[in-house]
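Hi,

Here is the structure I promised to pass on. Have a look, and my notes follow below.

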Amino acid sequence: MDAPPRARNPQAVLFACGQNSVRSPMAESLLQHMFPHALYVKSAGVKKGELDPFAVAVMAELGQDISSHKPTTFEELEDWEGLNFDLIITLSPKALDLTRTLAAEVLYWPTQDPTGAEGNREQKLQAYREVCDSLLLRIRKRFSRVSAASG
């Protein structure tokens, strides 16, 4: 039996989580900054949340400004431009449920929601940094082939 074909490099990537306010906008920004011209990257949530100021602060530490991000739902994204993505990466179980009928490669990266972190400002920021770091590692691993293919 032949080995399954290697996943082709995606052209359009959607990150999805619960409210599109922390994890998916972070992931969208990280990937967009790695491949500013090679990939089309968006993010969406199951429900619409409010952009989280701790997420904005942690991304600013990396020199990435997500302060103008507007949380978007799957429905809004579908209405505006359709869900024409070849890869959807879900970061929460609720988001995974919404992808079952979509004709796209779907990956599930269980990602801790840092919004429940306890403690002072620095301790909360640290929880967000850990989420950001874990997303960055996974993105680098998954998309390392893109840079090899496009470079």
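**What I found**

Start with Ala12: its bridge partner in β2 is Tyr40. The two strands involved, β1 (residues 12–17) and β2 (residues 40–45), run parallel and share 6 bridges; strands count as paired if DSSP finds at least two bridges between them. Together with helix α1 (residues 23–34), they form a right-handed β-α-β unit, meaning that with the strands pointing away from you, the path from the first strand over the helix to the second runs clockwise.

A word on the source: this is a predicted model, where local features need pLDDT of at least 70 and side-chain atom pairs count only at pLDDT 80 or more, while totals for chains, interfaces and linings use all residues. Numbering starts from 1 along each chain as its sequence is written, and side-chain values use heavy atoms, without hydrogens or water.

Overall there are 5 helices and 4 strands (DSSP runs: H or I of at least four residues, E of at least two, numbered from the N terminus). Their order is β-α-β-α-α-β-α-β-α.

Now the inside. Of the protein's 151 residues, 45% are buried (under 20% relative accessible area with a 1.4 Å probe, protein chains only).

Cheers

Methods
Buried means under 20% relative accessible area, exposed over 50%, partly exposed in between (1.4 Å probe, protein chains only).
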